[in-house]
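Dear colleague,

Please find the sequence and the structure below, followed by a summary of what was found.

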Amino acid sequence: MEKNYDVLVIGGGLSGLVSAKTLVDHDPDIQVAVLERTSNLGGRISSQPIQVEEATIEVELGAQRITSSQSYILALLKELQIKAEPAHRFKGRATFQLSNKIVRNNRGVFSWLHNLEVQRIVWILQKLASKVCVLDPYSSPDGEKFDNMTFSTWLEANCWQPSVYEDLSTKVRCCFGSEPSQISMLFLLTVAATSDGFNTLFFAEKLDVENGTRNLCRRLEKLLKHRVDFLTGSRVESVRQSETKVSVRTAEKKEFLARKVVICLPPSQQTLIEWIPALPALKTFVNSNTPMGNYIKYALVFSQPFWEQHGLSGTVVSSGVRNLDGCEVGPVTVTFPGRSDSGYYLLYGMVGGKPAVEWQTKDEVELKIAVMDTLTTLLGGWIRKQRGIVVQNWTGNGVSFAPPGTMYAWPAVRLFHQNIHFGGTETSTRWMGSLEGSVQAGIRTGLEVLGSIRPQSLHPEDLQLLSEFRLESPLNPTPAQHVYRWTILLPVSYLIAMYIAIKMRNQYSSLLIPFH
């Protein structure tokens, strides 16, 4: 049996929920449904309960923290009356394990020389990122050159210390779940350009969302439940579009008709859908060549902040304790502390990239033992006092990234095709790959659809936002002709020299009169 809607949103993550909210906020009469493959809304926002004594603690094991510069998600949190406060910082020494050496200090750096070079590298990367056009990165200065190299290649040419190479590699593993040798240098510069630069991307102070980011999805679901149909457990198999409508069929043999469809899925997951007719060639290329990273996230529960009692902050940056249980390195890339609402203390950790892939071949018991052993080596025996540990695998379901040689097609990631519009954090121009990017993409896709079927519902600020995504917009200006420094300096220098010469002639010319 067919059911008709004005708009179908495929993907019930944060971007899809915000897209649906944007639609019904602008026009309450619009009929919207959200189709989600799993039984829960939220996408890569995930949490798991863990029983500790008589308390049940909900632990976040997906997208988790935000920053103070992420204006879209902060505005959404304010609207939903959810607080975001600076993450609690525990006093003590940070732990670094780089170049087979463990260092702990209160300054939060591996060494002063290491920190000096990190600042130099980040300064160079900041300059490169500032030149990137986020709508069409390939058209940026040296776009093709940077797309033909990996971040690893660039680091090898610019890093002097092995510890700096390892440090920046861990940050890539955390951000994307990939190795520096897998990711296009141009893609990394693009992500940094959408995130206000590398300093904020890698080092920005984090904010915790009240009751966790899962609370954000629950509030949205509650807000929309009487205005939007949520169809969970609906795995889309095919999308067939004509000039006037789109037909969506699910694996459960249900069919839905709509005037417009919004796709809020990562590019690689869009390849699992049969498109009739096929999507444009560039869009198909992007979808087929944008893999997702690999993560393992975990959390340990403690009755007390034992790390603080041992003079530690609970933060760890590690390139890996070597050769553990048949894997090249141990299952720790970073850790950071937290606190639950029930009064328990949490030590969150994650491993990304190649180490995550290796450890995903182990069963959960082996993984938990390895996490405990590695953290004991890095932080001390007090790790054994944990009251519980929970683990979640994100196998090929982390953050999307572009390999080298693919960025020429990147603008196609967000361009609509007839009656199908594309959202998701990968399409954003603000904090691509983060919750901020999801919110911006959800707003954009909602406004795009409204501009087509309910243009009268758009406000001037909505039109302004949409204009920023046009390739000819000020975000992507036509490169002006370069004015070389000497073009200005030479005439100015000439005028200054003439002025000095005239002044000297007027003041000292009498000295040149011969005496008889």
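Among contacts in the protein chain between residues at least 6 apart in sequence, 74% join residues at least 24 apart, where a contact means heavy atoms within 4.5 Å. This is a predicted model, in which local features need pLDDT of at least 70 and side-chain atom pairs count only at pLDDT 80 or more, while totals for chains, interfaces and linings use all residues. Residues are numbered from 1 along each chain as its sequence is written, and side-chain values use heavy atoms, with hydrogens and water left out.

Overall architecture

The protein chain has 516 residues, of which 55% count as buried (under 20% relative accessible area; exposed is over 50% and partly exposed in between, with a 1.4 Å probe and protein chains only). Its C-alpha atoms fill a box of roughly 115 × 65 × 40 Å along the principal axes. The secondary structure comes to 17 helices and 22 strands; these are DSSP runs numbered from the N terminus, helices being H or I of at least four residues and strands E of at least two.

Nonpolar cores

A nonpolar core is a set of buried Ala, Val, Leu, Ile, Met, Phe, Trp, Tyr and Cys residues joined through side-chain atoms within 4.5 Å. The largest one holds 44 residues, and those touching the most other members are Phe151, Trp154, Met185, Phe187, Leu189 and Phe198. At least two residues of this core come from each of α3 (112-129), α5 (151-158), α6 (162-176), α7 (185-194) and α8 (198-203). Helix α7 gives the largest share, seven residues. Leaving aside residues up to four places away in sequence, Met185 touches Leu125, Leu128, Phe146, Met149, Thr150, Phe151 and Trp154. A second, separate core has 41 residues, including Val18, Leu80, Leu220 and Val439.

Ser169

Ser169 lies in helix α6 and is buried, with a relative accessible area of 1%. Not counting residues up to four places away in sequence, Ser169 touches Leu155 and Pro180. From C-alpha to C-alpha, Ser169 and His459 are 44 Å apart in space, and they are 290 residues apart in sequence.

Helix packing

Helices α15 (residues 435-453) and α16 (residues 460-467) pack at an angle of about 110 degrees, their axes 10 Å apart. Axes are lines fitted to C-alpha atoms, for helices over the stretch in contact, and angles run from 0 to 180 degrees between N-to-C directions. The angle makes α15 roughly perpendicular to α16, a term that covers 65 to 115 degrees. On the α15 side the contact is made by Ile443, Arg444, Leu447 and Glu448, and on the α16 side by Asp462, Leu465 and Leu466. These residues divide into four nonpolar, no polar and three charged.

Strand pairing

Two strands pair if DSSP finds at least two bridges between them. Strands β3 (residues 47-52) and β4 (residues 55-60) pair in the antiparallel sense over six bridges, and Ile50 has Ile57 in β4 as its bridge partner. Their hairpin has two residues between the strands, and in it Glu53 takes a positive phi near 55 degrees.

An open sheet of three strands has the order β5-β9-β6, with antiparallel pairing. Its edge strands, β5 (66-67) and β6 (84-86), each pair on one side only. Three bridges join β6 to the antiparallel strand β9 (residues 206-209), where Leu207 is the bridge partner of Pro86.

With kind regards

Key. Angles under 35 degrees count as roughly parallel, over 145 as roughly antiparallel, 65 to 115 as roughly perpendicular and the rest as oblique. Ala, Val, Leu, Ile, Met, Phe, Trp, Tyr, Cys and Pro count as nonpolar, Asp, Glu, Lys and Arg as charged, and the others, Gly among them, as polar.
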